[in-house]
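Hi everyone, thanks for making the time.

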Amino acid sequence: MTQQDVYDAWAPAASEWSQWVKPVLFAHLPVTGAVGADMSIAGGLAERLPPSDRATALVLDLPGALGAEMAGSLLERGYRPVPLYNSCPPPEPASHVSFFSSLSSEGAPSAGPPAVDVQPILRALQTNAPLLQGAHLPPDAPPAFLLDANRRTGQTGFVSGPGAFDNRSISLPTDFPSSNFLLSRRIRRVVLAQQHAIQPEADLSHTLLRWQRAGVSIMGIALAPDTDVRFPQRVMVQRPPLFRNAWYGLMARMGLRPHPLGGFGGLLPHSGGG
Amino acid sequence: MTVSSALSSRPPSKDIDDSVAVAAGSILDRETFIGIRRRMALEACKWDPQVEDVSVLQPFPLLLRRAQWRYLAACAEALARETGAAERALLERPDLLSKLAVPPRLAQPILRGLRSPQPLAAEARVMRFDFHPAQNGWCISEVNSDVPGGFSEASEFPSMMAEHYPGYAPAGAPGPDLANALARTIEHIGGRQASAALIWAAGFMEDLQVVSYLGGLLRRCGIETSLINPQHLRFDRGRASLIAAGGCQPLSLIVRFHQAEWLSRRGYAAVGSYLLGDSETPVINPGYAMLSESKRFPLVWDDLRMEMRTWRQLLPETRDPREVRWRRDARWLLKTAFCNTGDSVSSPLTMPRRNWFRSAADATVFPNRWVAQRRFESLTIDTPLGPVYPCIGVYTIGGRACGIYGRLSRTPVVTYAAADVAVLVEEEFE
């Protein structure tokens with residue numbers, strides 16, 4: 001499959017959720033030497049996910065490629081997988097990037113390990129594309145938004161030091177449809193699926209609390225076999241720091257609150273460039 | 001409106017048109033536009049094509065007459081000349097840097113950079129002037145002088161859209177033009193291996209896509225590129241090298257897509273001063289770009305005894321908040337000195353009361369970190385999606401106008417949430 005085929009499989013024109021698909025990883029396809037991802041773990045985790053009742057959307061905040069590897073199970077349950085992976089692979093090897101396809105990466109300085117290893121996700125996107133392509137979901141099948149739970153912290157043991165490619169990212173409310181949009185599509189309930197916890201990560205809380213306040217019910221489920229939360233439970237999303245703080249100038253001025261990712265501001269509010 | 005003073009040296013002519021009438025082109029069919037959106041995402045590093053429920057890329061262009069583009073280009077070039085002159089003049093008045101709200105920690109390296117500017121880097125200096133059609137003609141809201149972005153949206157997007165609008169062409173291609181200017185700079189420097197580092201702040205995908213795009217263009221010019229954070233740099237007697245896993249590699253050039261004011265953070269002490277002025281390796285944009293990036297830049301013109309004719313003609317009246325009655329007069333708005341994406345533009349007419357009170361309180365306590373500016377009545381244009389406020393961002397590279405970044409906003413204030421629109425210019429026929 002070509003890069004475009006893979007993208008179109010995950011973001012088909014017929015699905016209204018496709019516009020939210022984050023394109024950055026698709027821009028770095030195809031990966032060479034892709035091997036089939038082991039879907040058995042993902043398939044096992046997916047067993048606890050509820051089948052679609054058309055009024056429920058999923059948010060899968062799972063480490064690495066687990067969400068993308070669950071694509072088959074999600075399709076079986078009637079959900080449209082919507083990848084929101086927003087970490088960029090290191091610029092090498094440049095020849096893997098279509099935009100740079102005519103370029104050589106020979107002699108480029110060797111990079112250290114990236115903070116977030118997106119290679120497994122790239123492989124899962126590529127490997128599962130035929131599944132998506134052959135799926136017969138209705139255009140209005142509810143979405144299952146896919147996130148990498150390592151996005152903010154990076155891999156275990158990652159240190160943002162020399163040679164490291166710091167590709168961590170944060171999930172923002174603007175990455176998702178608004179509560180108005182969800183409600184207009186009769187989505188009344190969102191199930192957040194994580195590996196162990198049911199309370200959302202701090203960055204995701206900003207989105208989920210907005211939805212909750214608009215009347216969308218938020219449920220949580222932990223998918224790891226060793227957890228007790230076998231069925232979705234009601235979650236009262238805690239108000240995260242700086243919730244709905246649309247005005248960041250004051251924070252920026254008051255000492256440029258150092259952000260753990262290297263920028264500033266607690267929430268990565270806006271682009272740095274003008 | 002008469003022809004701008006920016007152009008007063010040349011006689012008024014039918015080749016120059018300062019009218020603010022901007023037309024929207026017809027809307028593309030859905031399938032064609034989905035194809036363009038996909039190409040932008042997969043081929044041109046447009047990795048944030050959706051903001052909440054809004055598709056950032058608009059499926060229709062804005063159309064300018066060739067003579068209008070000449071007018072805007074001439075204004076931008078005049079503004080760039082005046083900006084450069086005022087920056088240099090600040091060398092004689094270092095006391096004014098505090099008036100610009102430059103953090104004290106950054107002032108000295110910036111002044112050192114001004115004292116010994118790198119002429120090669122000046123050729124690749126990039127600015128973007130944001131023009132708005134208003135009741136009394138075109139006006140500008142600011143210059144994005146420090147780290148202007150939007151290169152892919154201003155280069156690749158208009159190029160893709162123009163394929164569907166016969167008789168129209170992009171105003172230019174600032175992305176490739178900047179890459180070429182950077183490549184020429186590296187070529188002049190010489191050296192065994194051409195390598196550039198593009199610096200961005202980790203976590204900001206919007207910024208990463210800009211450096212990824214520029215990095216790709218540089219590689220096309222045969223230049224090795226690395227996308228790094230500031231802490232991955234080492235300076236030895238002013239010469240920059242990249243600390244990579246395999247050891248240090250000397251750099252020919254640094255592209256700084258990282259706000260100057262963020263370098264005042266303690267974590268950047270080791271490299272901040274080099275990036276702002278002490279580096280022997282060319283840094284683009286130079287640190288002193290921060291001086292004109294400050295929204296308080298107009299407050300020092302009189303102190304510098306600079307004429308700034310084009311600036312004064314196009315920029316709404318701008319004052320220190322202590323000098324005007326902005327609390328009682330809604331014709332004034334407030335913005336912070338380093339307001340990067342319109343996020344701190346504050347007016348009781350355009351924001352919730354609570355936010356306005358917070359801005360007002362802060363401007364009262366710290367007036368030297370804010371500026372008051374006359375609101376201008378921005379004109380809307382009719383588009384297939386309804387009336388919107390356009391913003392025409394004209395780039396200059398090395399002082400020459402070279403393209404347009406078009407944005408549309410539902411509100412008079414253009415923020416990070418504005419949509420991108422391709423601006424096409426009537427083709428010239430011999």
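Let's start with one residue, L125(A). Leaving aside residues up to four places away in sequence, L125(A) touches V6(A), W10(A), L25(A), F26(A), L29(A), A68(A) and P83(A). Please keep in mind that this is a predicted model.

Now, where does that leucine belong? The largest nonpolar core has 203 residues, and L125(A), L182(B) and L214(B) are the ones that touch the most other members. Helix α2 of chain B, residues 66-89, gives this core its largest share, 11 residues.

Let me step back to chain A as a whole. You'll find 8 helices and 6 strands there. If you read along the sequence, the pattern is α-α-β-α-α-β-α-β-α-β-α-β-β-α. Chain A has 274 residues, and 53% of them are buried. Take the contacts in chain A between residues at least 6 apart in sequence: 80% of those join residues at least 24 apart.

Next, the sheet. In what order do the strands of chain A's open sheet stand? The order is β2-β3-β1-β4-β5-β6, and the pairing is mixed. At the edges are β2 (80-83) and β6 of chain A; each has a single partner strand, so one side of each has no neighbour in the sheet.

Let's go through some of the pairs. Strand β1(A), residues 56-62, is parallel to strand β3(A), residues 143-148, with 5 bridges between them. Here L62(A) has D148(A) as its bridge partner.

To get from β4(A) to β5(A), the chain passes through helix α7(A), residues 202-213, in a right-handed β-α-β crossover.

On to β6(A), residues 233-234, which pairs with β5(A) in the antiparallel sense over 2 bridges. There, R234(A) stands opposite M219(A).

Finally, let's hop over to chain B for a pair of helices. How far apart are the axes of α3(B) and α8(B)? The axes of helix α3(B), residues 104-115, and helix α8(B), residues 269-278, are 7 Å apart, and the helices pack at an angle of about 35°. From α3(B), the contact uses L106(B), P109(B), I110(B), R112(B) and G113(B); from α8(B), it uses S273(B), L276(B), G277(B) and D278(B). Sorted by class, that makes 4 nonpolar, 3 polar and 2 charged residues.

How values were computed: Residues are numbered from 1 along each chain as its sequence is written. Chains are lettered from A and ligands numbered from 1 in the order in which they are written. This is a predicted model: local features need pLDDT of at least 70, side-chain atom pairs count only at pLDDT 80 or more; totals for chains, interfaces and linings use all residues. A crossover is right-handed if, with the strands pointing away from the viewer, the path from the first strand over the helix to the second runs clockwise. Helices (H or I, at least four residues) and strands (E, at least two) are DSSP runs, numbered from the N terminus. Two strands pair if DSSP finds at least two bridges between them. Axes are lines fitted to C-alpha atoms, for helices over the stretch in contact, and angles run from 0 to 180 degrees between N-to-C directions. Two residues are in contact if their C-beta atoms, placed from the backbone, lie within 7 Å. Ala, Val, Leu, Ile, Met, Phe, Trp, Tyr, Cys and Pro count as nonpolar, Asp, Glu, Lys and Arg as charged, and the others, Gly among them, as polar. A nonpolar core is a set of buried Ala, Val, Leu, Ile, Met, Phe, Trp, Tyr and Cys residues joined through C-beta atoms within 7 Å. A residue is buried if 20 or more other C-beta atoms lie within 10 Å of its own, exposed if 12 or fewer, and partly exposed in between; C-beta atoms are placed from the backbone.
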